[in-house]
Amino acid sequence: MNHKPVEGFSKLTKQGKIDWLVNEYLEGNEEYQNILNQYWNENTDLQKLHDEFSENTISNFYMPYGIAPNFLINGKLLALPMAVEESSVVAAASKAAKFWLDKGGFKTTIINTEKLGHTHFILKTEPHKLLHFFNFKLKKKLLEATEDITANMRKRGGGILDIKLIDKTAELEHYFQLKASFDTVDSMGANFINSCLEQFGKTLKEEVANEAEFSQKEKDSLQIVMNILSNYTPDCIVRAEVSCKIEDLKDDSGISNEEFAWKFKRAVTIAEIEPYRATTHNKGIMNGVDAVVIATGNDFRATEACAHAYAARNGKYSSLTHCTTDNGIFRFWIDLPISVGVVGGLTNLHPLVKFSLALLGKPSAQELMSILAVSGLAQNFGALRSLVTTGIQKGHMKMHLFNILNQFNATEEEKQYFVTYFKDKTVSHHEVISELEKLRNK
Ligand code: MEV
């Protein structure tokens, strides 16, 4: 069926939008209309707040919000809020947290907190001439021109850390950058950085136009291509680690501690050298990171982009975690570049985000970076532990059992039956269906 385009969709009321959609795309089916209404919040203030986060809202999209308790992080015991739809992520986190609880827990170190952004521009001039202009005139002007924008951030201890001129002409004709680094303290800082960069673009234009050293032809060649932060922040990075004596690495799968340590390390090595495996390995890490990123109102697309760019920084995509088993000590760690905020954005608006941050003891951005790296490391520990011992499906399918049963509208009694039935067995889709058929035909 060919659909008609719509004019002024954003101006329709919520009901108007729904009516149009259901009639145009869903043959007027009431069931779909009811789904939308069911997830609409009767609390009009809350709904209005939520609607204003985005545009053209017609309902809410719910995600499960779970808690992984018992995370000992730098000596502090935390319960992590996790917004995630994938069964077994919260369970894996909780299990890993408990495993490390009596072994000193997780330790973290903030390596650096520098954020980056660029003014990308084209100027048909000699690089050395531009560098001279930048060093002796432009840099000072850029800092002066952004003084108003940076005043509040400077009061909080942050601001512009440095600005460099980068010559990219070897890769693209006449292409240069103003590469600026920032400290945005407790905010993620995207708006602050972009505002500074847009001012850089304007000041650059004015200063080039007024510079006697440039010919008119050079001046006319200037094009400010774009001013934008980079989500790749390799120097906004935290390390999280766990370690213990190999003899203390009790594992309940039946293999010896030494064998477990060795198999675990080999699995990490495979992720270090093999991009196919590294992608899945890092995806598992981001299961843990993103769930807390979302629960704390941060931007998971940004954290994903940064983590994967970092994983490929040496020209070959590789593991974000590493493991050693030297001198009888098992050591497992992650270096995670991640830019997040605990003020600004949704942090003070979304009620559940407020709850998450309060639950975490109102962390600073650096503390949140640490918690996120720990969540990723714990998730990876849980995944690898299963993969090198029982296999992933045992735990995964156990958690997925209810999804399968719900697809078949199983009753509470049927669900209980299946929990007992699969107590000592790996759940399979096929077996659930055939057993359910037998049960219902009895
Ligand atoms: C599933 O979401 C994540 C895992 O595949 C991660 C991994 O293989 O390491 C279990």
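Mentor: E171 is exposed, because its relative accessibility is 64%. The cut-offs are these: buried means under 20% relative accessible area, exposed means over 50%, and partly exposed lies in between, with a 1.4 Å probe and protein chains only. The model is a predicted one, in which local features need pLDDT of at least 70, side-chain atom pairs count only at pLDDT 80 or more, and totals for chains, interfaces and linings use all residues. Residues are numbered from 1 along each chain as its sequence is written, and side-chain values use heavy atoms, with hydrogens and water left out.

The partner of E171 is K168, and the closest N and O atoms of this salt bridge are 3.6 Å apart. A salt bridge here is a side-chain nitrogen of Lys or Arg within 4 Å of a carboxyl oxygen of Asp or Glu. K168 is partly exposed, because its relative accessible area is 23%.

The structure holds 18 salt bridges. One of them joins the side chains of K129 and E218, at 2.9 Å from N to O. This pair links distant parts of the chain, since K129 sits in helix α5 (residues 127-145) and E218 in helix α8 (residues 216-221), 89 residues apart. Helices (H or I, at least four residues) and strands (E, at least two) are DSSP runs, numbered from the N terminus. K129 counts as partly exposed because its relative accessibility is 25%, while E218 is buried, with a relative accessible area of 10%.

D335 and R239 form a salt bridge whose closest N and O atoms are 2.6 Å apart. D335 lies in strand β10 (residues 329-337) and R239 in strand β8 (residues 236-245), so the pair ties together parts that are 96 residues apart in sequence. D335 counts as buried at 12% relative accessibility, and R239 is partly exposed at a relative accessible area of 25%. Salt bridges can also share residues: K139, D162 and K164 are linked in a network.

Now for a charged residue without such a partner. K17 is in helix α1. K17 is buried yet has no salt bridge, and the nearest side chain of opposite charge, D51, is 8.2 Å away. For charge, Lys and Arg count as positive and Asp and Glu as negative; His and the chain ends are not counted. Leaving out residues up to four places away in sequence, K17 touches F9, S10, L12, N56, T57 and I58, where contact means heavy atoms within 4.5 Å.

Besides K17, the buried residues of α1 include I18, V22 and E24. Together, the buried residues of α1 pack against α2 (30-38). After α1 comes E27, whose phi is positive, near 50°.

As for the whole chain, its secondary structure comes to 16 helices and 10 strands, and buried residues make up 44% of its 442 residues.
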